[in-house]
Amino acid sequence: MDEHARSHSGVSVRGLIGRAWPILVWIAVWALAARMLAQPVLLPSPLQTLARLAALAQEGEFWRSIVRSLGGIAVGFALACVLGVALAAASYASTAVRRLLAPIVGAIKAAPVASFIILVLVWVSSRDLSRVISFLMGFPIVYTNVLEALLATDERMLEMAQVFGLSTTARIRSIYLSQVLPAFEAACSLALGFCWKAGIAAEVIGLPDHTIGDHLHDAKIYLDTPALFAWTVAIIVLSVAIERAVRALISRAVDAIEAHA
Amino acid sequence: MDALVTLHNVGKRFGEKRVLEDFSHAFARDTLTFVEGPSGVGKTTLLRLVCGLEQPDEGRIERASGLRFSYAFQEDRLCENLSAAANVRLVCADRASGLPEELLSRLGLAGHAAQAVKRLSGGERRRVALARALAAPADVLLLDEPLTGLDDAAKERACDLVAEHLAGKAVLWVAHGTDERRPFSGYDVVVVR
């Protein structure tokens, strides 16, 4: 915590410059390339992109689309977390469950996301596509990380629990929670990025109305490259913001759980 | 005297290494048994056999029904993210009692009860492990080198506290040397080598 606080105070000026200069350099390269090319339909400048983004932000449709896309992906991500943890616990408790799930989890991990998107479109409506796809991207990450953490539980601590006759609840709170929470936190952070990207990709293919993916597709069809760039910038900004927010939320939840353990 | 745990001609080996051979002994209530011997002779294995963490390769072990065990493990085995008091409270019959704080205080850890054990020194952790072993309701108390890493004053406090918890229990104490037996000269002490 102290280290965290120090790093925050250290960000002040030098830290901010240290973080900002590489971004500014790449924006300058982008601006230079756009100026040299002088064809906004191929490469709009940063200012043109920003202007388009500002114009989009004044439309209700922009925010509606963001909320709809975010909502769908968040539902898939939450489901991936809940089912990932629950099934990892079941797999830890039962070798049969672990063996039963192994081929499914392996297949989900190995299959290209585009295959899933097309396959899922056959079964569900395009409105639900991003939910299912973000679940499919997040679930194996959460499941695998949590299961690996559980399997790495210190045998000596389990012996301690056995000798003292600790209840299942006491075992979970005193041994398993501290084992699983760091892995769960890391898995959520990783899964969130995958869910977000795969969810948007699913929207671009499935074209559900009033979503970010739908607008990306429209921008491509109408050769509205500044809009394409503006939506992409919005996606990147949202991705960073959501990841930070969810990480902070999970970190707080983990601290609260540990404090009450 | 009724035996709580009886070992009949017990033998145990790990691969090629034999650590116990034809060992027989009955551990009864209200006895304090010191287990002594050189390193690798099977002292810890004996404690593990008694509480069922190991199974014998030869012979058999009889245990009275419904036995409750408590154990101060050689490696402490504390829950790192929990406080010293929470580690002790984990095994208490009455979670609301002040027993953890009392035991920790008696062992010189009054100021450390609320501290996470991961922040404690080796000697402090050892005392938390001992407090936990004494806090658990038990018929058989297993102490594996409980005084390791303690200074003389802490050792004396620990021995006094163990002495108060002997009644009604079969206590097995793996000791480094005969010095650890001295404070218990007035008790029914059995030495197993």
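Predicted model: local features only at pLDDT ≥ 70, side-chain atom pairs only at ≥ 80, totals over all residues.
**Chain B, first pass**

I started with the secondary structure of chain B and got five helices and eight strands; both are DSSP runs, helices being H or I of at least four residues and strands E of at least two, numbered from the N terminus. Reading from the N terminus on, I noted the order β-β-β-α-β-β-α-α-α-β-α-β-β.

Residues are numbered from 1 along each chain as its sequence is written, while chains are lettered from A and ligands numbered from 1 in the order in which they are written.

I checked confidence next. Chain B averages a pLDDT (the predictor's confidence in each residue, from 0 to 100) of 91, and 96% of its residues score at least 70. For the complex, the predictor gives an ipTM of 0.92 and a pTM of 0.81.

Then overall shape. I took the C-alpha trace of chain B along its principal axes and it spans about 45 × 35 × 30 Å. The radius of gyration of chain B is 16 Å, which agrees with the value near 16 Å for a compact globule of 193 residues; the radius is taken over C-alpha atoms, and the globule rule is 2.2 Å times the number of residues to the power 0.38. Of the 193 residues of chain B, 41% count as buried. Buried means 20 or more other C-beta atoms within 10 Å of the residue's own, exposed means 12 or fewer, and partly exposed is in between, with C-beta atoms placed from the backbone.

I also looked at contacts (C-beta atoms, placed from the backbone, within 7 Å). Among those in chain B between residues at least 6 apart in sequence, 73% join residues at least 24 apart.

**Domains of chain B**

Where they meet, I find twelve residues of domain 1 of chain B in contact with eleven of domain 2 of chain B. On the domain 1 side, the elements giving two or more residues are β6 (140-144) and α5 (152-164) of chain B. Of these, α5(B) gives the most, with four residues. By class, that side has eight nonpolar, three polar and one charged residues. The classes: Ala, Val, Leu, Ile, Met, Phe, Trp, Tyr, Cys and Pro are nonpolar, Asp, Glu, Lys and Arg charged, and the others, Gly among them, polar.

**Cores**

Which residues have the most contacts inside the largest nonpolar core? I get B:V50, B:V88, B:L104, B:V128, B:V140, B:L142 and B:L172, in a core of 62 residues. A core here is a set of buried Ala, Val, Leu, Ile, Met, Phe, Trp, Tyr and Cys residues joined through C-beta atoms within 7 Å. Helix α4 (residues 122-135) of chain B supplies the largest share of this core, seven residues. I followed B:V50: leaving out residues up to four places away in sequence, it touches B:V5, B:F27, B:V140, B:L142 and B:L172. A second, separate core has 41 residues, including A:I73, A:F135, A:L147 and A:L216.

B:R77 is not glycine, yet its phi is positive, near 55°. I placed B:R77 in the loop between β5 and α2 (84-89) of chain B, and it counts as buried because it has 21 C-beta neighbours inside 10 Å. B:E145 also has a positive phi, near 50°. B:E145 sits in the loop between β6 and α5 of chain B and is partly exposed, with 17 other C-beta atoms within 10 Å.

I counted ten helices and zero strands in chain A. Its C-alpha atoms fill a box of roughly 75 × 50 × 30 Å along the principal axes, and 28% of its 261 residues count as buried. Chain A divides into domain 1 (1-38) and domain 2 (50-260), with C-alpha centres 28 Å apart.

Last, the interface: 16 residues of chain B are in contact with 14 residues of chain A. On the chain B side, strand β5 (residues 69-72) gives the largest share, three residues. I sorted that side by class and got ten nonpolar, two polar and four charged.

Technical notes. Contact = placed C-beta atoms within 7 Å. Domains from an automatic or database assignment.
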